Amino acid sequence: MKVNILNTARDGKSGNYCGRGSPLGNYAFREGMTRDEACDAFEVYFRQKVQSGDVVVMNELHRLRNILEETGSVDIRCFCHPKRCHLQTVANWLIDNAFED
């Protein structure tokens with residue numbers, strides 16, 4: 001199984017957009033944060049959303065997980081990859097939770 005992280009500017013609109021404005025966007029980002037600070041903050045934010053069972057976040061995660069399970073791969077995208085990106089956290093969750101219920 002493979003989760004491909006794409007860059008919207010470079011790779012176009014293929015795949016599932018997961019940047020800000022989407023259910024899996026990095027809403028932990030604050031102006032003035034470094035990329036590492038923003039990604040670290042997203043890890044905390046994401047873990048809280050998953051642990052609390054946030055309906056919007058979990059529905060999107062399950063939708064993406066279903067694609068991964070059915071096809072063996074899923075493309076997710078935002079604007080920062082290949083630099084450090086919050087989507088690595090999402091990709092890790094998808095891989096770790098595939099075929100689990």
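This is a predicted model: local features need pLDDT of at least 70, side-chain atom pairs count only at pLDDT 80 or more; totals for chains, interfaces and linings use all residues.

Me: Which residues of helix H4 are buried?

Reply: In H4, residues 87-97, the buried ones are Leu87, Thr89, Val90, Ala91, Trp93 and Leu94. Buried means under 20% relative accessible area, exposed over 50%, and partly exposed in between, with a 1.4 Å probe and protein chains only. Helices (H or I, at least four residues) and strands (E, at least two) are DSSP runs, numbered from the N terminus.

Me: What covers those buried residues of H4?

Reply: The cover includes strands E1 (2-7) and E3 (73-78), together with helices H2 (35-52) and H3 (55-71). Contact here means heavy atoms within 4.5 Å.

Me: And what follows H4?

Reply: Phenylalanine 99 follows H4, and its phi is positive, near 65°. Phe99 also belongs, with Met1 and Ile95, to a nonpolar surface patch of about 330 Å². Patches are made of residues with over 30% relative accessible area and no salt bridge; like charges are joined within 9 Å, and nonpolar side chains (Val, Leu, Ile, Met, Phe, Trp, Tyr) within 5 Å. The areas come from the Shrake-Rupley method with a 1.4 Å probe, and for residues only the protein chains shown count as cover.

Me: Where is methionine 1, and is it buried or exposed?

Reply: Methionine 1 is in the segment before E1. Its relative accessibility is 53%, so methionine 1 counts as exposed.

Me: Changing topic: how many disulfides are there?

Reply: The structure holds 0 disulfides, a disulfide being a pair of cysteine sulfur atoms within 2.5 Å. For cysteine 39, the nearest cysteine sulfur belongs to cysteine 80 and is 6.1 Å away. For cysteine 78, the nearest is that of cysteine 85, at 3.2 Å.

Me: Now the charged pairs. How many salt bridges are there?

Reply: There are 7 salt bridges, each defined as a side-chain nitrogen of Lys or Arg within 4 Å of a carboxyl oxygen of Asp or Glu. One of them pairs arginine 84 with aspartate 40, with the closest N and O atoms 2.7 Å apart. This pair links distant parts of the chain, since arginine 84 lies in the loop between E3 and H4 and aspartate 40 in helix H2, 44 residues apart.

Me: How accessible are arginine 84 and aspartate 40?

Reply: Arginine 84 is partly exposed at 31% relative accessible area, and aspartate 40 is partly exposed at 38%.

Me: What about glutamate 69 and arginine 65?

Reply: Their side chains form a salt bridge at 3.7 Å, N to O. Both residues lie in helix H3, 4 residues apart, about one turn of the helix. An α-helix has 3.6 residues a turn, so residues three or four places apart point the same way. Glutamate 69 is partly exposed at 23% relative accessibility, whereas arginine 65 is buried at 5%.

Me: Which residues are joined into a network?

Reply: Salt bridges that share partners join Asp36, Asp40, Glu43 and Arg84 into one network.

Terms used: Residues are numbered from 1 along each chain as its sequence is written. Side-chain values use heavy atoms; hydrogens and water are left out.
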